[in-house]
Amino acid sequence: MTIGRAIFAVLAGVCTLAAAPAHAANELRPGLWQDTESGEANGKPIPPKVTTSCITPEDARDPVKMLQDEMKKEAQECSKTNIKQNGNVILFEMKCGDPKQMEIEMTLTYTVHSPQHSSSIGKTTMTIVGRKLTSTTVSDGKWIAEKCK
């Protein structure tokens with residue numbers, strides 16, 4: 001798997017996590033979630049995107065473990081993968097690749113506001129053969145149904 005594909009797979013997992021708020025600081029509510037994402041890349045706005053995702057009861061019990069498992073599968077070429085939880089906030093950090101060819105550094109802060117609402121802010125810097133690309137993504141998640149479609 002290429003670094004780019006690994007990063008996008010991990011980001012998909014992160015977005016799934018961001019779309020699903022917790023009952024407590026360490027437990028997600030399973031079911032169907034709607035995630036609204038917006039942001040900017042190199043100073044230009046990214047069109048807003050709305051997606052849905054399904055969180056299983058198994059994944060809901062431990063969001064940190066869910067993200068760690070996703071990172072182990074997808075981020076094998078990374079020199080840094082870190083997840084820390086402090087109450088209702090999860091901080092995710094990752095650095096992958098070779099700075100001489102292609103390197104990606106990402107941080108994401110995920111916050112649980114209530115059992116039915118969460119948000120995240122992600123910042124990414126990608127360096128490709130010396131050229132830096134930056135992006136910031138803001139995500140707002142809300143629970144919409146007990147059962148997934």
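**Reading a predicted chain, from fold to residue**

Student: Where do I begin, and in what order do the elements of the chain run?

Tutor: Start at the N terminus and read along: the order is α-β-β-β-β-α-α-β-β-β-β-β. In total, the chain has three helices and nine strands. Keep in mind that this is a predicted model.

Student: How do I read burial, and what share of the chain is buried?

Tutor: Burial is judged from relative accessible area, with under 20% counting as buried. Here, buried residues are 37% of the 149 in the chain. As for the surface, the chain exposes about 8,300 Å², and 53% of that comes from carbon and sulfur atoms.

Student: Let's take one residue. Where does Val 138 lie, and why does it count as partly exposed?

Tutor: Val 138 belongs to strand 9, which covers residues 131–145. Its relative accessibility is 39%, so it counts as partly exposed, since that class falls between 20% and 50%.

Student: Which residues does Val 138 touch, beyond its neighbours within four places in sequence?

Tutor: Its contacts there are Thr 36, Glu 37, Ser 38 and Ser 120. Thr 36 is 102 residues away along the chain, yet the two C-alpha atoms are 8.3 Å apart. For the chain as a whole, take the contacts with a separation of 6 or more: 51% of them join residues 24 or more positions apart.

Key
Residues numbered from 1 in each chain as written. Predicted model: local features only at pLDDT ≥ 70, side-chain atom pairs only at ≥ 80, totals over all residues. Heavy atoms only, no water. Helix = DSSP H or I, 4+ residues; strand = E, 2+ residues; numbered from the N terminus. Buried < 20%, exposed > 50% of the residue type's maximum accessible area, 1.4 Å probe, protein only. Contact = heavy atoms within 4.5 Å. Areas by Shrake-Rupley, 256 points an atom, 1.4 Å probe, with all protein chains shown as cover.
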